[in-house]
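Please open the model in a viewer and keep the selection panel at hand. The stops below proceed by selection, each with a short account of what is found there.

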Amino acid sequence: YSLPENIVATTSASEALAGADFCFHAVPVQFSSSFLGSISSYVDPKLPFISLSKGLELNTLRTMSQIIPLALGNPRQPFIVLSGPSFAVELMEKLPTAMVVASKDKKLASAVQQLLASSNLRISTSSDVTGVEIAGALKNVLAIAAGIVEGMHLGNNCMAALVAQGCSEIRWLATKMGAKPTTLSGLSGSGDIMLTCFVNLSRNRNVGLRLGSGEKLGEILDSMNQVAEGVSTAGAVIALAQKYNVKLPVLTAVARIIDNELTPKRAVMELMNLPQVEEV
């Protein structure tokens, strides 16, 4: 792909931010704090940040809505999160896509809706920043689990059961953190989960697929030229589960596989041997 004439690429933050009406932030979560700290002097305190980065900062467990104002030293920096089932390659081919923008500021959410909506992109608005961010972060971890199932050739029944369980775990945790259940069944929740877990273009699913096939994590990551956010976010899952006192067997198993505490085969055995319970 070549860039359209009305887009100019630059590595200069001061040049990119001068006179900007909006800033799209797509730096991976784990590098966002240091990057934003280094450019903060060029950022207008009223410049709205539209975050495309999905994940949780390791150690701090912060989401992008917390990272951006902290890193910029401005607690009032306008913030919007953009999420939903959207592979970039399909958007660039102008195929029909639907996404959601969430902000605590309704006017700002509407302004970004108007900015992005087109004949091939539908944009819904939401005030549930927590729900959109947590679903977007944790679906990447669930996608690794879905890839592992695929890589181990465990079948479609297993895949459906695993993803359903993962959806429940995301709902349990997100609602404890203040998210609305309706967000989790919408575009940024179920919609994004379906795309990331079931389609081969997903980076996180591909990591799981290769883990399930027996490859080592280090080799997989070394061979990738893009970031799979789920790998880092998995590390935050165990801490979140403890903090909010929620049992997350599938998401926790992914974290343990990534930390080399558990083999994929052993993880499946453990999950299948959990107590038989009432569905919640």
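How far apart do the end C-alpha atoms of residues 2-108 lie, and what percentage of the span is helix and what percentage strand? The model is a predicted one, and in it these end C-alpha atoms are 31 Å apart, with 31% of the span in helix and 16% in strand. The selection is taken from UniProt, where an unreviewed entry lists residues 2-108 as "domain: Glycerol-3-phosphate dehydrogenase NAD-dependent N-terminal".

**Helices α6 and α13**

Next, select residues 129-151, helix α6, together with residues 249-258, helix α13. Their axes come within 9 Å and cross at roughly 75°. Angles of 65 to 115 degrees count as roughly perpendicular, so α6 is roughly perpendicular to α13. To view the contact, display the side chains of Leu138, Val141, Leu142, Ile144, Ala145 and Ile148 in α6, which meet Val250, Leu251, Val254, Ile257 and Ile258 in α13. By class, this contact has eleven nonpolar residues, with no polar and no charged ones.

**Asparagine 140**

Remain on helix α6 and select asparagine 140, which lies in this helix. Is asparagine 140 buried or exposed? Its relative accessible area is 4%, and residues under 20% count as buried, so asparagine 140 is buried. Not counting residues up to four places away in sequence, asparagine 140 touches Lys54, Thr196, Asn204, Glu229 and Gly230.

Return to α13 and colour its residues by accessibility. This helix is mostly covered, with eight of its ten residues buried. The buried residues are Val250, Leu251, Thr252, Ala253, Val254, Ala255, Ile257 and Ile258.

**Helices α7 and α9**

Finally, select residues 156-176, helix α7, and residues 187-198, helix α9. These two helices pack at an angle of about 140°, and their axes are 11 Å apart. At that angle α7 is oblique to α9. The crossing of α7 and α9 is right-handed. On the α7 side, show Met159, Val163, Cys167 and Ile170, which meet Ile193, Cys197 and Phe198 of α9. The contact of α7 with α9 comprises seven nonpolar, no polar and no charged residues.

Key. Residues are numbered from 1 along each chain as its sequence is written. This is a predicted model: local features need pLDDT of at least 70, side-chain atom pairs count only at pLDDT 80 or more; totals for chains, interfaces and linings use all residues. Side-chain values use heavy atoms; hydrogens and water are left out. Axes are lines fitted to C-alpha atoms, for helices over the stretch in contact, and angles run from 0 to 180 degrees between N-to-C directions. Helices (H or I, at least four residues) and strands (E, at least two) are DSSP runs, numbered from the N terminus. Angles under 35 degrees count as roughly parallel, over 145 as roughly antiparallel, 65 to 115 as roughly perpendicular and the rest as oblique. A crossing is left-handed if the near helix is turned anticlockwise from the far one by less than a right angle, and right-handed if clockwise. Contact means heavy atoms within 4.5 Å. Ala, Val, Leu, Ile, Met, Phe, Trp, Tyr, Cys and Pro count as nonpolar, Asp, Glu, Lys and Arg as charged, and the others, Gly among them, as polar. UniProt positions are given in the numbering used here, feature names are shortened, and annotations may be inferred rather than shown by experiment. Buried means under 20% relative accessible area, exposed over 50%, partly exposed in between (1.4 Å probe, protein chains only).
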